[in-house]
Amino acid sequence: MVSPAHRTLEIRGIRLHYLDWGNDGAPPMVLHHGFRASCDVWYEVADHYRGRFRVLAPDARGHGDSDWDPEHHYSIESFAEDLGAFARDLRLPPFVLVGHSMGAGVALEFAGTQPTAVARLVLED
């Protein structure tokens, strides 16, 4: 199993941590974790897909190694807005978006508000 790079971005005033398995020239795949999880849950999935995709897995605000929000905005909409800023900051072309549990709700909200940013949508629980 290949270890990803640990990276951070300042998104809407909050430092968000994410894992990047590399493969910069490949189409991006973004993995969004569930409520009681972090980006660390995606290691096996990322290892499987990293040869075909640039696999990225952010920690949602208040999860994993990302900062807590001092304003306490933890709605599905806030997470989806963070995901949009994440994609813009990384200049991602339309990407495969995979969401688990709460992450599926975030992915669905994001795809509904920014459909041209999503090449494929996978929702699982």
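Is Asp 67 buried, partly exposed or exposed, and at what relative accessibility? In this predicted model, Asp 67 counts as partly exposed because its relative accessibility is 28%, a value between the 20% and 50% cut-offs.

Let's follow Asp 67 to its partner. Its side chain meets that of Arg 15 in a salt bridge, at 3.2 Å from N to O. Asp 67 sits in the loop between strand 4 (54–58) and helix 2 (76–89), while Arg 15 belongs to strand 2 (residues 14–20), so the pair ties together parts 52 residues apart in sequence. Arg 15 is also partly exposed, with a relative accessible area of 31%.

| Asp 67 | Arg 15 | 3.2 Å |

Asp 20 lies in strand 2 and Arg 54 in strand 4, so their bridge ties together parts that are 34 residues apart in sequence. Asp 20 is buried, with a relative accessible area of 3%, and Arg 54 counts as buried at 14%.

The pair of Asp 82 and Arg 61 links helix 2 to the loop between strand 4 and helix 2, so parts 21 residues apart in sequence are tied together. Both Asp 82 and Arg 61 are buried. They also belong to one network, in which salt bridges with shared partners join them with Arg 12, Asp 69 and Glu 81.

Now for a nonpolar feature. Leu 108, Leu 121 and Leu 123 form a surface patch with about 250 Å² of accessible area together. Leu 121 is placed in strand 6 (residues 118–124) and counts as partly exposed at 34% relative accessibility.

Definitions and conventions
Residues are numbered from 1 along each chain as its sequence is written. This is a predicted model: local features need pLDDT of at least 70, side-chain atom pairs count only at pLDDT 80 or more; totals for chains, interfaces and linings use all residues. Side-chain values use heavy atoms; hydrogens and water are left out. Patches are made of residues with over 30% relative accessible area and no salt bridge: like charges are joined within 9 Å, nonpolar side chains (Val, Leu, Ile, Met, Phe, Trp, Tyr) within 5 Å. Accessible areas come from the Shrake-Rupley method with a 1.4 Å probe; for residues, only the protein chains shown count as cover. A salt bridge is a side-chain nitrogen of Lys or Arg within 4 Å of a carboxyl oxygen of Asp or Glu. Helices (H or I, at least four residues) and strands (E, at least two) are DSSP runs, numbered from the N terminus. Buried means under 20% relative accessible area, exposed over 50%, partly exposed in between (1.4 Å probe, protein chains only).
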